[in-house]
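Some notes for your review follow. Please read them alongside the model.

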Amino acid sequence: MKTTEINQSIIGKRCECMFTGMMVKGIITEIEDCKYSVNVKVVFDSPQQWGDDIYEYDWTWGRKSDEFGPLKYLKLIAVSYTHLRAHE
């Protein structure tokens, strides 16, 4: 996503973001709009290990001046539900 596309309406949405070079799924819980960048906090569906450390969330960010940063890999995931109909 671009820094200009980030707003409060995406909080609570499912997404996929870049973490340690892998795409990881989670939920957007916070947004910080700073002078130079936009930061999005993503809580992962399952904890991610990097070396000896375990991460339950991470901040993905993008620089406003040139869109540099991992925010460009953030994608919202459409949640689809399948309705089952009981047989009569």
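1. Arg-63 is partly exposed, at 34% relative accessibility (buried is under 20% relative accessible area, exposed over 50%, partly exposed in between; 1.4 Å probe, protein chains only). Arg-63 forms a salt bridge with Asp-66, with the closest N and O atoms 2.8 Å apart (a salt bridge is a side-chain nitrogen of Lys or Arg within 4 Å of a carboxyl oxygen of Asp or Glu). Asp-66 is partly exposed too, at 45%.

2. On provenance: this is a predicted model, where local features need pLDDT of at least 70 and side-chain atom pairs count only at pLDDT 80 or more, while totals for chains, interfaces and linings use all residues. Residues are numbered from 1 along each chain as its sequence is written, and side-chain values use heavy atoms, with hydrogens and water left out.

3. The whole structure holds 4 salt bridges. One of them joins Lys-41 to Glu-30, with the closest N and O atoms at 3.5 Å. Lys-41 lies in strand β3 and Glu-30 in strand β2, so the pair ties together parts 11 residues apart in sequence (strands are DSSP runs of E, at least two residues, numbered from the N terminus). Lys-41 is buried at 15%; Glu-30 is partly exposed at 33%.

4. Asp-33 pairs with Lys-64 in a salt bridge, the closest N and O atoms being 2.5 Å apart. This links distant parts of the chain: Asp-33 is in strand β2, Lys-64 in the loop between β4 (53–63) and β5, 31 residues apart. Asp-33 is exposed at 57%. Lys-64 is partly exposed at 33%.

5. β1 pairs antiparallel with β2 (residues 22–33) over 6 bridges (pairing requires at least two DSSP bridges between the strands). Arg-14 has Ile-27 as its bridge partner in β2. The hairpin has 2 residues between the strands, and Thr-20 takes a positive phi near 50°. β1 also runs antiparallel to β5 (residues 75–76), with 2 bridges. There, Glu-16 is bridged to Lys-75.

6. Which residues does Val-43 touch, not counting those up to four places away in sequence? They are Gly-26, Ile-27, Thr-29, Glu-56 and Tyr-57 (contact means heavy atoms within 4.5 Å). Val-43 sits in β3 and is partly exposed at 33%.

7. Asn-39 is also in β3 (residues 37–50). Asn-39 is buried at 12%. Its contacts beyond four places in sequence include Glu-30, Cys-34 and Trp-59.

Note on methods:
Helix = DSSP H or I, 4+ residues; strand = E, 2+ residues; numbered from the N terminus.
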